[in-house]
Amino acid sequence: MTEIQIYNAQKKAKMAFTPIDANNVRMYVCGPTVYDFAHIGNARPAIVFDIMFRLLRHVYGENQVTYARNITDVDDKINQRALDENRSIAEVTEQTTAQYHADIDALNVLRPNIEPFATQHIPEMIEMIETLIAGGHAYAAENHVLFSVKSMPEYGKFSRKNLDEMIAGARVDVATYKRDEMDFVLWKPSSDDQPAWPSPWGNGRPGWHIECSAMAKKHLGIEFDIHGGGLDLIFPHHQNEVAQSCCANNTDRMANHWMHNEFLNVEGEKMSKSLGNFLTINDARKQHPAEALRLMMLMTHYRKTINWSKDSAKEAVAMLGKWHEKTANIGEVSSADIPANFIDAIADDLNTPFAISLLHKMAGTPLKAAAQFIGLLYETQADFISFKPAGIKINAAYIEALIEQRNTAKTNKDWPLADKIRDDLMAKSVVIKDSTNGTSWEYKK
Ligand SMILES: [Zn+2]
């Protein structure tokens, strides 16, 4: 059996993965808060843990893996969005969830086995909060319930942060109802225009962290194998999930393996609405074939920062164009066709960049089987080639092919043909530039 290795941040080393129950391997990943279009940074964990899901299913069997990824559909950002746009909260969460599904389905991300919605697990959250209060780990004050950080001596160990870092990272509010400034909210009161559920502490709503602890426990049990999410979730979100789950369930761990994907920059800069480089998955899908977006995510190892750029998009489109060409006549393939060293690369802490380097050396059946294993080459070659960015009449793979034809024409000193190809591209809003390094191109603005 393939041995899976997963990087352990506490031990700063890769560790062999042994599931608690090989007949039911369990993974939880923090899903989106559904208030707005998902951006390409949100697509990263969806794709990274999709690779892990596919690997686990390959190694342990398709029906031996349970993957839960939640939908956070109660959150102050959702309330604000509904208020700003004069829409109901249900409309905002339903439409945003549908958009999220459409976006990540297009990226060939498999649906998890379970997709729990926070609003459908309020009784489980209340029960967990009551357990925490009974155990002396939480207290009610002014219609709030707070987790008492001092009740857990190991608090902070998971995120390996000292008190000052935690105070800065959690952006703690000093509030009269808190015994200690680090104490965090498990339950809070709602005003008349905010979503509310009855509870022993009055009408209110849960804090974000308790949602995941309650949903993970319900669907995966008090201890499970892998918990994943973006690096930004380590503190405070995952630290607080660990605190709640361990104290409520009387365990010393929530999950055996924690995996965090790194950040994603755009053209070397942090993505932000104020910098104007904010890119939704939906907009990215209009610019590049979805397969290329997926490949761009996998060209960088999940523990390294991705630099999302026009150049990496071109590179991904060119690679896929070649692979489609090399597999155009291959029919159905099976997992038995995947070269063993390719599976080994993925099993080695999801080393997708190395796996992609192996794809370059393959052709035919093994190439198609290996590429499909990581969710690529799912479109037909015809669909891939016919993709056109919004407002552009020609696709990148086709441009590359025409540039190659033009280079051949130049080598053959067929100047009229070379000029005709350049003019044809120009007519289709593509400008080519010749230099000593070869020919480059860009879309004419
Ligand atoms: Zn979570």
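Trainee: What follows H1, and what is its phi?

Mentor: In this predicted model, H1 is followed by glycine 61, whose phi is positive, near 110°.

Trainee: How do you know that the length of H1 agrees with that of a helix with 21 residues?

Mentor: At 1.5 Å a residue, the 21 residues of H1 should span 30 Å, and the end C-alpha atoms of H1 are 30 Å apart, so the two values agree.

Trainee: What makes H1 mostly covered?

Mentor: A residue counts as buried if 20 or more other C-beta atoms lie within 10 Å of its own. In H1, 18 of the 21 residues are buried, and H1 is thus described as mostly covered.

Trainee: Which helix gives the most to the side of domain 1 that touches domain 2?

Mentor: The contact takes nine residues from domain 1 and eleven residues from domain 2. Helix H1 (residues 40-60) gives the most to the domain 1 side, with seven residues. By class, that side has four nonpolar, two polar and three charged residues. The centres of domain 1 and domain 2, taken over C-alpha atoms, are separated by 34 Å.

Trainee: Why are H10 and H15 called roughly perpendicular to each other?

Mentor: The axes of helix H10 (residues 310-327) and helix H15 (residues 396-411) cross at roughly 75°. Angles of 65 to 115 degrees count as roughly perpendicular, and H10 and H15 therefore receive that description.

Trainee: Which residues make the contact?

Mentor: H10 contributes Lys314, Val317, Ala318 and Gly321, while H15 contributes Ala396, Ala397 and Glu400. These divide into four nonpolar, one polar and two charged.

Note on methods: Residues are numbered from 1 along each chain as its sequence is written. This is a predicted model: local features need pLDDT of at least 70, side-chain atom pairs count only at pLDDT 80 or more; totals for chains, interfaces and linings use all residues. Axes are lines fitted to C-alpha atoms, for helices over the stretch in contact, and angles run from 0 to 180 degrees between N-to-C directions. Helices (H or I, at least four residues) and strands (E, at least two) are DSSP runs, numbered from the N terminus. Angles under 35 degrees count as roughly parallel, over 145 as roughly antiparallel, 65 to 115 as roughly perpendicular and the rest as oblique. Two residues are in contact if their C-beta atoms, placed from the backbone, lie within 7 Å. Ala, Val, Leu, Ile, Met, Phe, Trp, Tyr, Cys and Pro count as nonpolar, Asp, Glu, Lys and Arg as charged, and the others, Gly among them, as polar. Domain bounds come from an automatic or database domain assignment. The expected span of a helix is 1.5 Å times one less than its number of residues. A residue is buried if 20 or more other C-beta atoms lie within 10 Å of its own, exposed if 12 or fewer, and partly exposed in between; C-beta atoms are placed from the backbone.
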